[in-house]
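Please look over the structure below before reading on.

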Amino acid sequence: MLDKTFDPKTAEPRLYEAWETSGAFAPIDDPAAEPFSIVIPPPNVTGSLHIGHALNNTLQDVLIRFERMRGKAALWLPGTDHAGIATQMVVERQLAETGNRSRRDMGRDEFVAKVWEWKAESGGTIVNQLRRLGASCDWSRERFTLDEGLSAAVRKVFVTLHKEKLIYRDKRLVNWDPHFQTAISDLEVEQREVDGHYWHFAYPLEDGSGEIVVATTRPETMLGDTAVAVHPDDERYKALVGKAVRLPIVNRPIPIIADEYPDPEKGSGAVKITPAHDFNDFAVGKRHNLPMINVFDDFARINDNAPPEYRGLDRFAARKKVVEAFEALGLLREIEKTCHTVPHGDRSGVVVEPYLTDQWYVAADVLAKPAIKAVEEGETVFVPKNWEKTYFEWMRNIQPWCVSRQLWWGHRIPAWYGPDGEAFVEETEAEALRKAEEHYGRPTELKQDEDVLDTWFSSGLWPFSTMGWPEKTSDLARFYPTHTLITGFDIIFFWVARMMMQGIHFTGEVPFKRVFINALVRDATGAKMSKSKGNVMDPLELVDDYGADALRFTLTAMSGQARDIKLSRQRIEGYRNFGTKLWNATRFCQMNGCARAEGFDPASVKLTLNRWIVSETTRTAQAVTAALADCGFGEGTEQLYRFIWNQFCDWYVELAKPLLTGADEAAKAETQATAAWVLDVILTLLHPVMPFITEELWAQTQDLGAKRAHGGFLMTARWPDLSSSLIDPAADAEIGLVIEAISEGRSVRSGLNVPLSAKPPLLVLEASDAQRATLAANAAQIAQLLRVSEVQPLDAAPPGSIPFVVAGATFALPVAAFIDLAAERARLAKEVGSLTGEIAKISGKLGNADFVARAPEEVVEENRERLSEAQTAKSKLEEALARLTAVA
């Protein structure tokens with residue numbers, strides 16, 4: 001017999017260990033089985049599970065469990081990313097905390113060995129946290145972006161692209177993190193609003209005829225100015241184009257140029273151009289062939305390209321000194337306060353500088369063309385489809401991809417330099433030395449490039465490198481291309497696009513057939529979660545409090561089609577109660593002898609109630625199957641919730657009680673077998689979303705009656721494939737009438753505050769012969785569930801009766817003896833008036849364009865929800881009031 005309650009704390013680890021130990025997570029060996037593969041978006045090896053991970057991995061697990069149960073060779077391949085800058089930062093911080101030598105004191109080899117030591121001891125915490133969530137990955141295939149197989153793939157890709165002239169070295173601007181002294185990607189740049197200033201500087205004309213005023217938020221960069229630009233249509237400056245100004249402090253002449261970049265309506269209409277320290281200025285400099293003078297070193301200190309008195313100063317100290325110098329020269333025209341966005345390193349927290357350096361670049365525009373075509377022609381589809389627009393916008397405007405990083409932890413660039421700077425790009429040092437000997441005519445010592453590759457370079461190979469590429473492995477042949485990628489919108493460009501470009505280029509096929517973009521999880525008010533706001537929800541804490549199943553069902557149910565998820569503990573608690581409801585219903589069935597009968601055929605049931613639940617079960621199975629196959633996670637869980645809570649637990653179980661306890665043995669046996677069959681289908685359909693409680697119920701009810709059709713784990717049972725022939729419209733109509741009569745009767749009682757103790761008769765005034773027969777056959781159940789004395793046919797209702805119509809049949813509840821009609825009318829009218837006022841007030845707010853524009857998004861959404869709730873409540877009260885008025 002089932003325990004009274006399900007205990008997730010003891011059941012979840014026990015069940016997960018049993019699954020993993022059995023090898024059930026691995027794809028089946030059947031060569032005839034259709035392959036279905038997913039590769040996990042590899043979390044950082046330094047990471048721990050956050051709510052976004054919980055959503056993303058839950059949806060992946062729902063899909064892989066669903067396809068596994070459908071008999072496919074389902075592979076969910078897990079792994080972690082070495083996360084160059086994040087991991088290096090963790091280890092450097094540990095070294096600082098323990099007072100040991102710094103990274104530079106240790107040297108590269110010793111430091112990298114220390115990082116590997118940290119990885120062995122502490123890395124991969126998130127992998128075990130995914131297990132707690134129930135992730136059914138094939139852990140025997142777990143990969144790491146720095147393991148030898150993947151490293152070999154990275155080297156081959158780099159060398160091949162270089163030989164194809166699609167990787168090259170160039171001097172360009174990058175996002176430079178002065179703390180880590182490395183280039184970082186746009187994804188690692190965090191834009192922060194800060195209070196600052198616009199300093200308006202006067203640059204004297206070279207011929208002494210006047211001055212031109214420019215404004216800047218970064219005065220220190222003026223030391224590297226190489227032009228002043230004005231718009232070609234700006235009448236104020238047309239006569240000055242081609243002339244020069246003398247750059248103050250530096251005392252060198254720089255030209256005044258015409259370019260469409262300056263905005264004549266902004267400030268003076270003239271802008272200083274510093275090509276080595278601003279991305280827009282870099283583009284202007286390229287167009288006009290301007291010198292590019294870098295005035296910073298790797299630590300963002302002023303270098304030797306500036307006047308001697310500035311050299312070695314930190315950039316912010318130099319800023320102060322530049323402003324003081326302009327003031328002393330009489331060239332500071334204005335200081336204007338401003339609030340502006342300033343880029344910061346998301347891990348270092350320091351201001352990021354646009355910085356001119358030599359880096360390795362991929363010709364991304366060339367690789368992007370077939371990746372764009374693949375989506376245009378439907379080889380890869382985005383769900384929801386609107387995300388294709390984002391993909392196309394990025395890909396069609398793609399810039400060269402900087403793939404080098406000035407770090408020590410990562411894939412070291414396979415390039416070696418000779419004494420004259422000649423580069424030899426090969427997969428091994430031995431091959432580079434051989435090429436160097438051919439080039440120089442003698443054995444020559446080489447020095448390997450100090451840089452490592454951008455983490456996105458190696459993770460861009462993930463779908464095929466994890467399958468064993470460049471070797472022609474059986475996994476690569478069987479599981480590549482993968483089927484579905486589930487990921488967030490924020491890395492469509494950084495990861496999805498790179499996988500598309502590299503996958504097509506090196507395998508000739510798209511890396512995945514479908515990309516599902518999951519939602520963003522926000523707090524209950526709709527605000528983005530952040531540590532600074534204190535509204536972050538820890539998924540592991542939620543699992544501790546409510547169980548993994550409740551969290552999983554909540555996230556899946558609310559995922560929808562990439563809508564934002566407003567997560568609250570109340571929601572999770574509600575879905576935990578849903579699990580409890582199913583547990584109690586199963587326990588009830590078990591106590592009433594509901595055991596699966598050997599050879600049970602759902603098409604053979606005769607009782608209307610049982611034909612109805614078979615019909616509902618079939619519809620639900622078909623709807624859930626179609627939804628999950630199309631990544632309709634929210635729709636699938638909505639169908640499950642409605643069916644399990646309402647149709648099965650609330651209606652079927654209640655309506656079946658008289659049959660299960662009655663004297664008709666044939667009816668009892670049929671109902672017991674039907675209930676057991678429905679429960680089997682329920683557990684199977686619900687398993688992908690709530691794997692733990694369903695597996696426990698499956699295991700705990702194995703001893704009931706005959707052996708189930710599929711022994712062993714529920715997770716390896718076959719998915720229900722129910723024929724539409726099981727749908728019975730006649731039974732649906734009959735039981736539908738019973739349910740609607742009870743529901744509408746309850747609504748009348750509730751709306752008029754009829755006491756629960758009151759038991760008026762339910763009067764059947766007008767109904768067809770078939771309806772009367774149905775009502776008579778189910779009179780006992782109706783009386784019990786509606787709390788009426790009887791179901792009584794009558795030609796006319798007595799005074800004080802409240803009529804209602806269901807499916808064309810007219811009913812009435814005589815309630816005048818149990819309530820004060822006049823007092824109820826007054827109460828309802830007052831409540832309607834109160835809600836009318838509230839609706840008017842909220843509507844006024846939402847109709848105010850200024851309020852909608854200025855109020856936080858979550859406040860506007862909260863008002864919309866309150867308006868909807870008030871309108872629904874008012875409608876119900878008005879309906880009840882109308883009934884009372886009609887009676888009067």
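Which side chain of opposite charge is nearest to Glu188, and how many Å away is it? In this predicted model, the answer is Arg405, at 4.5 Å. A salt bridge requires a separation within 4 Å, so Glu188 has none, although it is buried.

**Around Glu188**
- Glu188 sits in the loop that links strand S6 (182-184) to strand S7 (189-204).
- Its side chain reaches the backbone nitrogen of Ser185 at 2.8 Å.
- Leaving aside residues up to four places away in sequence, Glu188 touches Ile85, His344, Gly345, Asp346 and Arg405.

**Helix H6**
- Helix H6 spans residues 125-133, and its buried residues are Ile126, Val127, Gln129, Leu130, Arg131 and Leu133.
- An α-helix has 3.6 residues a turn, so residues three or four places apart point the same way.
- The cover over the buried residues of H6 includes helix H1 (8-22), helix H2 (51-69), strand S3 (79-80), helix H17 (539-546), helix H18 (548-559) and helix H23 (691-700).
- Just after H6 comes Gly134, which has a positive phi of about 100 degrees.

- In soluble globular proteins, nonpolar side chains tend to be buried together.
- The largest nonpolar core here contains 208 residues, and helix H21 (residues 633-661) supplies the largest share of this core, twelve residues.
- Among the residues with the most contacts inside this core are Tyr391, Phe457 and Phe811.
- Not counting residues up to four places away in sequence, the contacts of Phe811 include Leu737, Ala741, Leu762 and Ile802.
- Another core, of 37 residues, lies apart from the largest one and includes Ala183, Tyr203, Ile302 and Phe326.

How values were computed
Residues are numbered from 1 along each chain as its sequence is written. This is a predicted model: local features need pLDDT of at least 70, side-chain atom pairs count only at pLDDT 80 or more; totals for chains, interfaces and linings use all residues. Side-chain values use heavy atoms; hydrogens and water are left out. Buried means under 20% relative accessible area, exposed over 50%, partly exposed in between (1.4 Å probe, protein chains only). Helices (H or I, at least four residues) and strands (E, at least two) are DSSP runs, numbered from the N terminus. Contact means heavy atoms within 4.5 Å. A nonpolar core is a set of buried Ala, Val, Leu, Ile, Met, Phe, Trp, Tyr and Cys residues joined through side-chain atoms within 4.5 Å. Lys and Arg count as positive and Asp and Glu as negative; His and the chain ends are not counted. A polar contact is a pair of N or O atoms within 3.5 Å; within protein, one must be able to donate a hydrogen and the other to accept it, and residues adjacent in sequence count only if both atoms are side-chain atoms.
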